[in-house]
Amino acid sequence: MLDVLPPLLTVAAVLLVPATVLLFTIRTPRAGSLSPVTAILAAVLTALVALGVGLLLGQDATRAAIGGAVLGVSLLAWLPAARDWDVRGLVAWALTIDVGLLYLTYVGLWTVTVHPGAWTTTLSGLLWLLEVFVFLIGVGYLWEMVDVLARRRWRGWPTRGEYHPGWRRPFVSLHVPTHNEPPEMVIETLQRMLELDYDAYEILVIDNNTDDPALWRPVQDFCEQYDGLTFIHLANWPGFKSGALNYALTRMNPLTEVVGIVDADYHVAPDFLAHNAPLFTDESVAFVQTPQDYRDWDVSPYFRRLYHSYGYFFDVSQVSRNERNGAIFGGTMGLIRASALIRSGGWDEWCITEDAELSLRLLKMGYNGMHVDRSYGHGVMPLTFETLKKQRFRWCFGGIQILRMHWRSLLPGRRTEDNQMNLAQRWAYLVGGLQWFGDLAGALFTFFLISGALDLMLGGGLVVRRVSGLLLFATVALVLFGAARSIALVRLRGGASWGDALGAFGLWLALGVTVARASWLGLVSREGTFLRTPKIKGQPRVRDVVRGNLVETVAAVVCLVMALVVGVSGGATGVAVAALLAFQGIGYALAPINSWAAIRSDLPADLRRRRERIWAWSAAAPAARRGGLVLAFSAVMLAGLVALAAPVGSPDVPEVGDVHGALEKKPSAEKHEPSPSSRPTPSQTPTADPTTPDRTTAPDPTPTRAGATASTRPTQATDPTPSTGSTLGSDPTQAPTTQPGTGGRPTGKPSNGGGPNKTQ
């Protein structure tokens, strides 16, 4: 068996190259489904080509024919899952899966049939399990890639103006959370929101724990000039952004049917609400998410590649997930049904990616989510590489938190009253969460590669699986081939140049250490953690860049030096190992390189001033100590196990690379002072700022919405039990001047028609 698999693996890998080229270059009409006749013809052609390749590689006719038949039949096996794709997608998908399964089968058989010693067998088995895991998350990426390139029939929700003229225009409460934001930037965002072409909306600005009055008072002064624009300053408030957004639910206009989230740096298009709010006419829709887009991205090569690296999620992942009703609610530039939000328990104050976690809860309740494939707003990208690392750390840590909370509900199983997700939805969220571990797996593979390099340099004794043979070089080629596919996909879907697409891929590699650390800490730490970055005085220098990316710099030096040494002294096998080490080392080295590129990028004057302020700030909080200690201990243990492993033989293939506080509904007309029990406890001491001007009416301490009834829910499910923790309170001095029954528009100041308006 061991001598049969390598030739078949080689043939499949050779066929995969032209199949992928066709997938990226040829276009077929996007209508109808893939016919069985076409699939059978493709299977026969694949088998014949595989037979020819096998014969050219020196295989005997019988084995070559059997190999061709196996590859041809594998295409037909995937036909039920690929009916919405064209034949290019079916062939590329099947051959990629074949290559992965053949490799894993071969290495697995080698691991259990060769007996070099207990320690080495154990560690080789662990390495094989790691490779299986990487293959699993790679399948998720592969599905999205093939889905967006080869799909012929789209069943997703309407987009780009495909709206029925009779659909309703519900009242929307737009929430703008802020924390230590430059006031001029927030005011500019609000000015754009005042120009929305919509006649039934309000704006709530919720400032969360900003200590410096110079940052929030100018925004408060601006808001007081407009009807329907309410400013709320929360001092010493628990729950961070989620806690502030939960408080905003108690301050909404009673007419609110839809809640919108807009970050403080976004310029919103005038037709954002007009195009998207009517989609909630369908009572099954719980949320609508539009792409998060950015401005001032073409000012330098660094920001161009950063822009295109962001685009992958909305250009590829969300488009594919939307076909399975598995889209993610990403927060800003998204809308959510108010009644569904309240019924689900509100924003989770434990998870630091509360928006994505909420969308999962809503899908479990039986609602639908919608991705609209058009940009309606442009924000500001992270202005330094270190800020980008902190953002990516938060996203990854929050993704792991979601997995920890919901992994049981993402496993295959029948629908229940508490979990109405189908298999495709569960797969989308499960694989999407597991993909965060890809960089941690990459770090572990680097460790094994270094062990193999040491074995080649020292003559044996430190390896888990010695890498050698012709297929080692095929593996190097496939790693580079996979990178090329990712680069081509960014270029094709995002319209990037080849250079910018390559740079976007490099940014993903540069963030590898950050994502690996976040995924590990997400497993061992309960509380949200953030990276600490050094404070910079004056203009940044090269040493500041190195200090801010010290781990990546050291890892790059180690990998590149070892690649050079083993490439020179390790023979043909050493060259292949050196190539894999160099690939990893270059990825790590791109962290300080991109950090320096971000610093040297020219920016508009306002963003340049903001970047200078960022340089002078230190990070919000250190990472959890417990997670760091566990990570270090694990590394030491792994090093010890590798050192104990006995020398082994050489296989033909290598390794490859609920809300805090009850949110119960009350009748919208009911107005009363909150009871003492509904206020935050003294131990939390959150307060709304006493300097906020008094309003004319006291708020209901619980969120309300006119017309919100249980009948809006598409399927029956039990309401979640509120989790323990801080309860949502409200301050009677901050109630907005609103009255129900006024035609969907707040009262108290003159109105020009069209949402919040400038005072006459």
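In this predicted model, helix H13 passes helix H18 in a right-handed crossing. Two packed helices are described by the angle between their axes and the distance between the axes. For H13 (residues 385–410) and H18 (residues 512–524), the axes come within 8 Å and cross at roughly 35°. On the H13 side, the contact is made by Lys-389, Arg-392, Phe-393, Cys-396, Phe-397, Ile-400 and Arg-404. These residues meet a set in H18 that includes Thr-514, Val-515, Arg-517, Ala-518 and Leu-521. Sorted by class, the contact between H13 and H18 holds 9 nonpolar, 3 polar and 4 charged residues.

Next comes a sheet. Here 3 strands are arranged in the order S6-S11-S8, forming an open sheet with mixed pairing. Strands S6 (267–268) and S8 (293–294) stand at the edges; each has a single partner strand, so one side of each is left without a neighbour in the sheet. S8 and strand S11 (residues 377–379) run parallel and are joined by 2 bridges.

A last stop is Glu-184, which is placed in helix H6 (residues 183–193).

Technical notes
Residues are numbered from 1 along each chain as its sequence is written. This is a predicted model: local features need pLDDT of at least 70, side-chain atom pairs count only at pLDDT 80 or more; totals for chains, interfaces and linings use all residues. Side-chain values use heavy atoms; hydrogens and water are left out. Axes are lines fitted to C-alpha atoms, for helices over the stretch in contact, and angles run from 0 to 180 degrees between N-to-C directions. Helices (H or I, at least four residues) and strands (E, at least two) are DSSP runs, numbered from the N terminus. A crossing is left-handed if the near helix is turned anticlockwise from the far one by less than a right angle, and right-handed if clockwise. Contact means heavy atoms within 4.5 Å. Ala, Val, Leu, Ile, Met, Phe, Trp, Tyr, Cys and Pro count as nonpolar, Asp, Glu, Lys and Arg as charged, and the others, Gly among them, as polar. Two strands pair if DSSP finds at least two bridges between them.
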